[in-house]
Amino acid sequence: MSNFKYHRFLDVNSHKTKRDIEGVHMKFLIHSNEAAANNFQSLTDTFLATADFGGSDDGHTDAHYAVLSLLLLLANSPTREGVTDTQVEPPQEEEEEDTFDWASYLLDSDYTTHRGVFTNSLDWSADEDSDLNEDEDGEQPSSDLTMKTTFTTPSLAMVSMETTPVSDRDSGVVNTPESLLDEKMTEVSSRIAPLYWAGGTRRRLTDMSVSGCDDASSLTRLWEKHLVDSSVMYVTRDKAQLTEYQIQREVLWMLMGVSQSFVYSWQTGHFVVNRDIQLCHLTDKTLFNVLEDLGRYGNVVWKLNQFVDAIAMETNSSSPAHSLNDNNTTGEAGGTCQTYQAFGIAISHVLRQFKRELVSMEKEICAQVETATLSRLLSKLSPHLVRLDFLDIVFRNGIEACCQATSSNAHKASFLLSQLYTTLQRCDALGSTDNTQVSFLFPIWMVSCKPYLDIIDQWVTTGQLNDPCQEFIVRRNADVKLGDENFWEAALEVHDKSDWTLPSSHDQEGDGGSVAGVPSFLLPIMSQVVGAGKAAEMLQHLDGLQEPQGTETTGTLYEVFIESLQAHLGSHHTTHSETTGGATEPVVRTADPVFADNVLRQLQVKGVRDPLLAENFSQLITGSRSPDPTSRGDEEEVNSRLGDLDWSRLSPIKLLLQTCLYPHVLHCYKTMSDRLLQTLKEKCGLMEYFATVRSLYLMEAGDAMYDFYTPLFEKLRFHESWQDVSFLNMSLREALQEHFSCQAHRLFVAVRDTSGCDRRHKEPITALQGLTLQYEVPWPINIILDSGSMALYNEVFTFLLQIKRAKYSLDRLSFVDLERDSVLSLKQSKGSDALSALMSSPLTPREDETEFCLTHRVQLLRMRLMHFINNLHNYMMTRILHSTGLEFQQEMEDAHDLDLVMAIHARYMCRVHERCLLHEKVKFIKGIISQVLNMALTFADHWNDSIHSFSVKFLLEMELMLSRCIQFLASFLNNTIKRGSLPHRE
Amino acid sequence: MAGSNKAKVNSARETLGTLLEISKLLNTGLDAESLAICVRLCESGVNPEALANVIRELRRETAALKAAEAESDKK
């Protein structure tokens, strides 16, 4: 009253009143009550136009407006009244009364008139103008409902005894209680929601007229009525009437992973929407579609939860000590690969956040402070749902596709990582608009990569391929020991190759599947990784790893990767924390160490310095803060660091990797390769071995080799047996004693039996074919100088030996021999019939001249042969072997990596082999040269016999053949040189 | 004079009828008698807002009284 007494009221404002009238008119229209609107409009117009009111003769006076504004102020939910006043429905209701009896009869008193407690508060408040609703809110529902009761059918009185007690309260009519207990029950029941899950709100649609207090909220009823009217076959179903609040909460529960609820039932691995529910303002189909869509996400959540649970269970069972702080120990014996575990942890992190979000949403909904509708819930959920979609894609493509077949961990891991990376790239390809998705997926990918990167890191730094779950793309081949010369090629093998054929179909569709099983993000640097790994392993065994490494001081590869990510993207701690999903988490978590520090400081103040206690405290605190068994210390740190990243400066993922990940791997690779090469060169004397091989096999050390082959050639010259291995080894030892004493014990000569070979080998030049020089190259040099290359060296060696032999044979020929032989033969023939023959045919000047001529021709031929062979020898030894050797040496010095060294050596071998005419392509030249060499040997044999062994015909043949050969070689080589295809022969 | 008086009364009744209709539409809860009183009060210059407040206060008081009576009846 005091308010009324002392308050000064403003005079009536005609404009305001007019506006109010307009507003009410509009409201009637909005509530589809056109008749009332028109009625209202005409009535107010009439009234305002009325003259002689309030003592004046005009209309529109203050008195008019005063009366109208009074009425407007007293107005009490006019639109509600409108529904009942329009008098449109009563006839229909009369009709329905008939059906009602039938229904109650058929349903056997299961019928209830209750609409749910929430609807009551919703019906009015949703869109009523506050100007018109100045009544106390508390009065509102009851007055509404009293009005409603006036319209309830007479038979309701009968039913009301059987309905739930809630409806009693709602109807505002206090039933005459039969006992005190009943009343108490009524009171208790009035405060609880109806048990809709127990059929508390079950009703038949066509009987809903009682609840139709608002057109907007009776859409279902109207639609159902329309369906019933339009189709004879249409049968209405018995449905539970829910409110939107209830449905929203059920949806949230379902998304949290509750498998049994009223709205959703769990059937054969899927959430199935209960079809027997309805909202009063949505058609069945709409409701069903919305709920089914949400159910799909429920499936995803459920599936992911299952996965996380399975991983966690396996992890726990495999590590009895529950030492979850170390990723490497968790998977020690587990069948699940670490990548899956990491992925599971990342997912569980996401799911935890999602649940937290859901809980906060549910709280909001329970509070009922704001309007909460399904569509609003959908829009709130939509960013999370998009994320779930992405996770689902990754899960389906990356894990389920693999699980269908029995595949190895390596396959699973790389496939998962590839799929993650592909999805990430796809998000990234959408450009800056989709930054949030990238910022969501990237941390997951990072966490999932961690085990893989850790394996790589450990491998390239310590040389140990520690892969307990066999998930790395390659594995150490146990058959290949360190001392094996095939180590470099065969030490590593790809996990079951048969597996890789499996995902090909997904590769095509997914575009980014693993090529040959390598996770696609590692593809550009995989060879370097493997190289560095092998180098590290070799180094470890060569004691090259003892000195401290640069990478160890900077942390593991993963940490370095994150650090450079931070440097590249820039991190921020407070500004972005609301937008990035993971950023709220670290804030809480970073508080833990602070808290622990506080405890420690407190202890120190009291003079207690107990490291054990401190450790226990910190464990206790972190343990109490993170009850989830899957959370780990380093994971938290990583998450905090990942969450801090500023994604607004995100560049394309590939570029990001190129700037942040690859350089570290390459750096590691470079360090390892450099050190390996250094060790090989300095400790193992790689270059010395090359030099020895060149000087012995390629006969660069002319003096030593001369000592070796001279006795051999001498034996050959006198047709003695030379295949005595001990003799050959002896001469080799002696030859090497002077300059190669340290290598002498590694070298020995072997003789292969070539007697069974084809005709070509019967030629004199091929006598030495079976002779090979064996060089026992120690590990690790034999990785480069392997048996294959030694065989090639031996081929070259044999060829050079042939040239040397031909050259030697020709060199050893002396004129004395030729002449002595003629004298000798002359002497031999004395005193015999030969002498008489000689006497009978004295050396006429003519004959003498002929013989001199023959000798001269023989000598000429020898010179020609010597010229050819000397030139060939010089050419081989200097132009080819020496210059090629120089090139090789130059390249070797520039090489920075064992692979490259091997390639250079192989190229060098190939070049030498080809230039020594041993290659298939130039075999015909070799053939010609062999012919000449053969000729030289035959010639030398004849020479040694005597001049008489030469016949003119034989000489002519030889001359002809030699000139033909030379002619052929000259013309052929000229042509090729002109073509420029053999530059080294110029 | 009597005719004009009658006409006046008629028009006043009509006006009151119109107002009653409006009142019903707006669901003010006023019956014809109280509406007539209100109109008269407004005509004589009472502030409508104050009047509305008074009416609501009165309604609330009566409701409280009734509730109290009902309580005592129950007991």
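# A guided tour of a two-chain model

Start with chain A: among its contacts between residues at least 6 apart in sequence, 74% join residues at least 24 apart. Two residues are in contact if their C-beta atoms, placed from the backbone, lie within 7 Å. What you have open is a predicted model, where local features need pLDDT of at least 70 and side-chain atom pairs count only at pLDDT 80 or more, while totals for chains, interfaces and linings use all residues. Residues are numbered from 1 along each chain as its sequence is written, and chains are lettered from A and ligands numbered from 1 in the order in which they are written.

## Stop 1: the two chains

Colour by chain and by secondary structure. Chain A has 40 helices and 9 strands. Here helices (H or I, at least four residues) and strands (E, at least two) are DSSP runs, numbered from the N terminus. Chain B has 3 helices and 0 strands, and its elements run α-α-α from the N terminus on.

Which share of each chain is buried? For chain A, 34% of its 986 residues count as buried; for chain B, buried residues make up 20% of 75. A residue is buried if 20 or more other C-beta atoms lie within 10 Å of its own, exposed if 12 or fewer, and partly exposed in between.

## Stop 2: confidence

Now colour by pLDDT, the predictor's confidence in each residue, from 0 to 100. Chain A averages 70, and 66% of the residues score at least 70.

Chain B has a mean pLDDT of 86, with 95% of its residues at 70 or more. Within chain B, confidence is lowest in H1(B), at a mean of 83, and highest in helix H3 (residues 48–74), at 90. The model scores ipTM 0.91 and pTM 0.57.

## Stop 3: where the chains meet

Show both chains together. How many residues of chain A are in contact with chain B? The count is 30 residues of chain A, in contact with 28 residues of chain B. On the side of chain A that touches chain B, the elements that give two or more residues are helix H3 (34–49), helix H4 (62–74) and helix H5 (78–85) of chain A. The largest share, 9 residues, comes from H4(A).

The residues on this side of chain A divide into 20 nonpolar, 8 polar and 2 charged. In this count, Ala, Val, Leu, Ile, Met, Phe, Trp, Tyr, Cys and Pro are nonpolar, Asp, Glu, Lys and Arg are charged, and the others, Gly among them, are polar.

## Stop 4: the cores

Select A:Leu441, A:Trp445, A:Phe561, A:Met672, A:Val796, A:Leu800 and A:Ala936. These residues have the most contacts inside the largest nonpolar core, which has 170 residues. A nonpolar core is a set of buried Ala, Val, Leu, Ile, Met, Phe, Trp, Tyr and Cys residues joined through C-beta atoms within 7 Å. The largest share of this core, 15 residues, comes from helix H19 (residues 435–462) of chain A. Another core lies apart from it, with 30 residues, among them A:Phe40, A:Leu68, A:Leu73 and A:Ala75.

Zoom in on A:Leu441: not counting residues up to four places away in sequence, it touches A:Phe390, A:Thr423, A:Leu424 and A:Cys427.

## Stop 5: A:Ile456

Next, find A:Ile456 in helix H19 of chain A. Is A:Ile456 buried or exposed? A:Ile456 is buried, because 26 other C-beta atoms lie within 10 Å. Leaving out residues up to four places away in sequence, A:Ile456 touches A:Val529 and A:Leu557. Its C-alpha atom is separated by 9.5 Å from that of A:Asp467, 11 residues apart along the chain.

## Stop 6: helix H31 of chain A

Select residues 686–697 of chain A, the 12 residues of helix H31. At 1.5 Å a residue (times one less than the number of residues), this helix should span 16 Å, and its end C-alpha atoms are 16 Å apart, which agrees. Buried residues in H31(A) include A:Leu686, A:Tyr689, A:Phe690 and A:Tyr697. Just after H31(A), A:Met699 takes a positive phi of about 60 degrees.

## Last stop: B:Asp31

Finish in chain B, where B:Asp31 lies in the loop between helix H1 (2–26) and helix H2 (32–43). B:Asp31 counts as exposed because it has 10 C-beta neighbours inside 10 Å. Select B:Leu20 too: B:Asp31 and B:Leu20 are 11 residues apart in sequence and 7.7 Å apart in space, C-alpha to C-alpha.
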